[in-house]
Structure formats: C-alpha cells, structure tokens
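Hello,

Here is the structure I promised to pass on to you. Have a look at it first, and then read my notes below.

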Amino acid sequence: MALLDDLLARMRAAPELSDIQIVENEAVDDETFVFKIHASILPNYLQIRFLADKNFERYSFQLYSDHPLLRWDNTQHYPDLSNSPHHFHDQGGNVFHSALTGNLLDDFELVMIEVKRFMNV
C-alpha cells in the first residue's frame, strides 16, 4: 500500500522517531483499509491511525506517555470549529481548531513540528 509505505519512509527519515512498528494493517481492497503505527519519541510515544473506505477517511495522531498528551483527529464531533471535522486536543483536554487537512503525509509533517515544539526537541 503506497500511502503506508510513504508514511513509513517519512517516519524513518525523522531522527526524533525510533522503534517504528506497524501494530495494525488490514486491507479489504485498495480503497478500504486501516493501519496503526507506533513510534518512540523519547520519553513519549507517537501513534498514527488511518482508516479509509470509499466514502471517508479518518485519521488520528496521538502523542502519549502513560496518558494522552496531544491528539489530532477528524472524528466529526466538533462541528462549530472553523476547520471541522479537523481538530486538536491539548494536554488539558481542551479542543481547538486544527491546521490538519486530512492529507496524511502533509499532516504528519505538521504534527511533527508541533510535537517537537511541545517536547522542546
């Protein structure tokens, strides 16, 4: 699957990430699939989950330790945000507008900028 391969290549090129593992990878066909990737960004972890079928694509990026720290996703439960369904959950559980667009590869780059800023890397 080209999207997964391209995302893994970008993750492997990020020097802050290590121990990159595919923990879920299921495909029904070329248009219906789900994958989840975990990576270390010490002392924390980054999880990326992507689900697609013919009618929608759902993503989440989460930085966590023993509890969630930061999360971006596009579950449609904050319709009043300017970039709905894309939104961001901060460490305090607050929800904000997100600059993510649903383009997984571009969004990965934006998430890494914010994660490095949060972690002072």
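**Notes on the structure**

The side chains of His-87 and His-89 make a polar contact of 3.2 Å. Please keep in mind that this is a predicted model.

Let's stay with His-87 for a moment. You will find His-87 in strand β6, which covers residues 87-89. Its side chain also has a polar contact with the side chain of His-77, at 3.3 Å. Is His-87 buried or exposed? His-87 counts as buried because its relative accessibility is 1%, and the cut-off for buried is under 20%. Leaving aside neighbours within four places in sequence, the residues in contact with His-87 include Trp-72, Asp-73, Tyr-78 and Phe-96.

Trp-72 leads us on to the core. The largest nonpolar core has 30 residues, and Trp-72 is one of those with the most contacts inside it, along with Leu-7, Leu-17, Phe-61 and Phe-108. At least two core residues come from each of α1, β2, β3, β4, β5 and α2. Helix α2 gives the largest share, seven residues.

Now for the pocket. Which residues line the largest pocket? Among them are Leu-70, Trp-72, Phe-88, Ser-98, Glu-114 and Phe-118. The space in this pocket is about 160 Å³. Its lining is made up of nine nonpolar residues, one polar and one charged. Here too α2 supplies the largest share, with five residues, and β5 and α2 each supply at least two. Leaving aside neighbours within four places in sequence, Trp-72 is in contact with residues including Tyr-59, His-87, Phe-88 and Val-115.

Enjoy exploring!

Best wishes

Key. Residues numbered from 1 in each chain as written. Predicted model: local features only at pLDDT ≥ 70, side-chain atom pairs only at ≥ 80, totals over all residues. Heavy atoms only, no water. Core = buried A, V, L, I, M, F, W, Y, C linked by side-chain atoms within 4.5 Å. Buried < 20%, exposed > 50% of the residue type's maximum accessible area, 1.4 Å probe, protein only. Helix = DSSP H or I, 4+ residues; strand = E, 2+ residues; numbered from the N terminus. Contact = heavy atoms within 4.5 Å. 1 Å grid on protein atoms, 1.4 Å probe; cavity = no way out; pocket = protein on both sides within 12 Å on 5 of 7 lines; lining within 4 Å. Points joined across faces, edges and corners; volume = space filled by probe spheres on them. Nonpolar A, V, L, I, M, F, W, Y, C, P; charged D, E, K, R; others polar. Polar contact = N/O pair within 3.5 Å; in protein donor to acceptor, adjacent residues only side chain to side chain.
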